[in-house]
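This briefing goes through selected features of one structure, grouped by topic. Please read it alongside the sequence and the model.

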2 protein chains.
Amino acid sequence: MNYDNYLEDKRILIEQSLDEYLPNAETIPNHIHKSMRHSVFAGGKRLRPVLTLITGEFFGTKEDELLPFACAIEMIHTYSLIHDDLPALDNDDKRRGKPTNHVIYGEDIAILAGDALLNYSFELMLESSLNYKYPYIGLKAAREISKASGTSGMIGGQVVDLEMEKNRNANIENVSFIHENKTGALFNASVRAGAIIGEASSNDLNNITNYAQKLGLAFQVVDDILDIKGDEQKLGKSLGKDEESDKATYPKLIGLKESEQYAQKLYNEAINSISTYGEKAEPLRKIANKLVNRES
Amino acid sequence: MNYDNYLEDKRILIEQSLDEYLPNAETIPNHIHKSMRHSVFAGGKRLRPVLTLITGEFFGTKEDELLPFACAIEMIHTYSLIHDDLPALDNDDKRRGKPTNHVIYGEDIAILAGDALLNYSFELMLESSLNYKYPYIGLKAAREISKASGTSGMIGGQVVDLEMEKNRNANIENVSFIHENKTGALFNASVRAGAIIGEASSNDLNNITNYAQKLGLAFQVVDDILDIKGDEQKLGKSLGKDEESDKATYPKLIGLKESEQYAQKLYNEAINSISTYGEKAEPLRKIANKLVNRES
């Protein structure tokens with residue numbers, strides 16, 4: 001089986017499903033729906049929702065039961081980017097080579113578009129759970145996602161990130177906390193939600209959680225590395241921004257070469273966590289490899 | 001039975017439950033939890049959650065099954081106020097006589113505190129539904145609330161409100177749309193969620209929905225009237241702000257006296273919707289009366 005195509009097919013399916021689920025750009029009030037769609041379709045890699053799909057399929061669940069949850073996670077990720085980019089937070093006017101939401105739609109609509117995406121992600125998960133044979137399973141997956149995106153997860157990481165930027169005295173523990181929460185938690189939930197919907201055993205859930213945690217951290221370490229040595233064109237953003245803003249990153253705190261070694265170590269640990277799963281787990285290995293060796 | 005005490009007891013129960021449910025102010029990162037708590041405990045009247053409680057009890061549900069949903073609605077209401085008050089939206093530095101969230105915690109934290117309250121409201125509803133005997137019922141109530149707070153409800157109303165402020169040519173249809181969505185939808189969901197959890201029949205759900213819709217609109221018309229003739233001290237905000245900002249309101253569009261008559265008419269219609277329910281529905285009548293004849 002060609003797993004490159006497999007992953008690409010999943011990505012395309014996510015694109016199509018997001019388009020289907022989101023309110024039409026003509027639906028009144030259309031301004032907000034256009035704004036939501038602008039950011040959702042601004043060129044994300046769809047790593048999180050693809051992880052939900054391939055994990056759920058690994059545990060034997062059909063695509064159509066996974067898609068609402070996969071897309072809900074991508075909407076939550078997108079809302080967090082819209083709010084992160086606001087002048088009151090990171091003040092970024094470009095993301096993935098395109099103007100950020102508030103630059104086009106104004107800060108007021110950008111704030112509400114973020115709110116609406118978060119709200120809609122739950123609407124979608126609740127609606128889908130009601131149509132499940134066992135609503136209980138959908139509920140469990142939605143709870144997992146809600147915990148990961150709140151103050152004990154993603155938002156918690158955003159808050160500490162803001163505090164560190166102001167204090168400028170972050171140590172490796174702070175950076176780990178930020179990464180584990182700001183990006184790691186939702187990454188983890190993407191994988192776990194697929195396993196929960198697939199009714200994985202507790203042993204399998206442990207293995208897959210370990211895989212997700214190592215992978216999420218590796219993803220973030222690579223992100224820090226790419227900010228230094230990436231290709232500006234491919235990344236679609238200005239490089240060296242972290243350094244310029246004196247932001248605490250892995251390369252800054254432990255060195256560039258050490259960061260590359262650390263990313264590799266985390267990748268190996270992720271792969272080892274699923275070593276007993278044989279051929280069927282190949283998409284999980286493939287996406288891990290892609291993610292660690294990416295150029296943008 | 002003294003229904004004044006009954007309503008006041010419910011309000012106190014909501015205060016206590018909000019305090020129990022919300023993350024402790026010392027929980028790390030504590031800055032965001034303090035910020036969330038600041039706005040939740042800034043003196044709200046708790047009309048929405050009390051409506052959920054008394055409607056649910058009318059349909060025979062116990063308090064502890066209703067409280068998570070009642071409090072989730074109050075958190076959603078609070079988050080919408082935090083974001084509405086931001087400089088990019090209404091730019092209000094005072095609400096209920098107290099400094100608004102961003103004035104104390106900064107815009108960045110205020111944005112994230114709003115996000116966190118919305119997120120947490122769903123976390124709470126999902127967690128509670130999982131503990132229900134029939135998770136399906138909790139799911140249905142949570143879906144009702146999610147629809148009311150999204151772009152087809154509250155956020156939709158906020159967007160049109162912003163547009164009207166910019167255009168300054170709002171007519172009575174626009175004002176109705178804003179009221180029905182910005183405040184009406186969540187008001188409606190507060191009542192309907194109680195009825196859904198109470199497994200009301202479709203006929204009862206129709207009656208109670210009619211009650212909620214008339215009441216929600218009456219509430220908003222009274223709000224507009226109070227902005228002109230209310231007591232600044234009791235309201236805890238500067239009066240005449242609507243007029244000053246040339247905002248389209250009922251008194252401005254149909255006249256003050258006519259607005260008062262309209263509020264009374266809506267109140268009568270709300271009461272008529274539940275006229276067959278006898279003594280047991282007295283709390284629903286009492287709160288309607290309180291709400292229309294309030295001074296703040």
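Thr100(A) is buried, because its relative accessibility is 3%. The model is a predicted one. Thr100(A) sits in the loop between strand 2 (98–99) and helix 5 (101–131) of chain A.

**Surroundings of Thr100(A)**

- The side chain of Thr100(A) comes to 2.8 Å from the backbone oxygen of Asp92(A).
- Leaving aside residues up to four places away in sequence, Thr100(A) touches His38(A), Asp85(A), Asp92(A), Asp93(A), Lys94(A) and Arg95(A).

**Interface of chain B and chain A**

- In the contact between the two chains, 45 residues of chain B meet 45 residues of chain A.
- About 4100 Å² is buried between chain B and chain A, and carbon and sulfur atoms give 71% of this area. Of the area that chain B buries against chain A, 15% comes from Asn119(B), Leu130(B) and Leu139(B), more than from any other three residues.
- Twelve residue pairs are in polar contact between chain B and chain A, counting pairs with both residues at pLDDT 80 or more.
- On the side of chain B that touches chain A, at least two residues each come from helix 2 (30–40), helix 4 (63–85), helix 5 (101–131), helix 6 (135–149) and helix 7 (154–167) of chain B. Helix 5 of chain B gives the most, with 15 residues.
- By residue type, the side of chain B that touches chain A has 24 nonpolar, eleven polar and ten charged residues.
- Six salt bridges cross the interface of chain B and chain A. One salt bridge joins the side chains of Lys147(A) and Glu127(B), at 3.3 Å from N to O.

**Salt bridges within the chains**

- Over all chains, the structure holds 38 salt bridges.
- In chain A, the side chains of Arg37(A) and Asp19(A) form a salt bridge at 2.7 Å, N to O. Arg37(A) belongs to helix 2 (residues 30–40) and Asp19(A) to helix 1 (residues 3–21) of chain A, so the pair ties together parts that are 18 residues apart in sequence. Arg37(A) is buried, with a relative accessible area of 15%, whereas Asp19(A) is partly exposed at 42% relative accessibility.
- In chain B, the side chains of Lys182(B) and Asp161(B) form a salt bridge at 2.7 Å, N to O. Lys182(B) is in helix 8 and Asp161(B) in helix 7 of chain B, so this pair ties together parts 21 residues apart in sequence. Lys182(B) is buried at 18% relative accessible area, and Asp161(B) is buried at 7% relative accessibility.
- The side chains of Glu282(B) and Arg285(B) meet in a salt bridge at 2.9 Å, N to O. These two residues are about one helical turn apart, because they are three residues apart in helix 14 of chain B. Glu282(B) is partly exposed, at 25% relative accessible area, and Arg285(B) is buried, at 15%.
- A network of salt bridges links Glu8(A), Arg11(A), Glu15(A), Arg46(A) and Glu74(A).

**Helix 3 of chain B**

- Helix 3 (residues 47–58) of chain B has twelve residues and spans 16 Å from its first C-alpha to its last, close to the 16 Å expected at 1.5 Å a residue.
- Eleven of the twelve residues of helix 3 of chain B are buried, among them Arg48(B), Pro49(B), Gly56(B) and Phe58(B).
- The buried residues of helix 3 pack against helix 1 (3–21), helix 4, helix 8 (172–197), helix 9 (202–229) and helix 14 (282–292) of chain B.
- After helix 3 of chain B comes Gly60(B), with a positive phi near 90°.

How values were computed. Residues are numbered from 1 along each chain as its sequence is written. Chains are lettered from A and ligands numbered from 1 in the order in which they are written. This is a predicted model: local features need pLDDT of at least 70, side-chain atom pairs count only at pLDDT 80 or more; totals for chains, interfaces and linings use all residues. Side-chain values use heavy atoms; hydrogens and water are left out. Contact means heavy atoms within 4.5 Å. Buried area is the accessible area (1.4 Å probe) that two parts lose on being put together, summed over both. A salt bridge is a side-chain nitrogen of Lys or Arg within 4 Å of a carboxyl oxygen of Asp or Glu. A polar contact is a pair of N or O atoms within 3.5 Å; within protein, one must be able to donate a hydrogen and the other to accept it, and residues adjacent in sequence count only if both atoms are side-chain atoms. Helices (H or I, at least four residues) and strands (E, at least two) are DSSP runs, numbered from the N terminus. Ala, Val, Leu, Ile, Met, Phe, Trp, Tyr, Cys and Pro count as nonpolar, Asp, Glu, Lys and Arg as charged, and the others, Gly among them, as polar. Buried means under 20% relative accessible area, exposed over 50%, partly exposed in between (1.4 Å probe, protein chains only). The expected span of a helix is 1.5 Å times one less than its number of residues.
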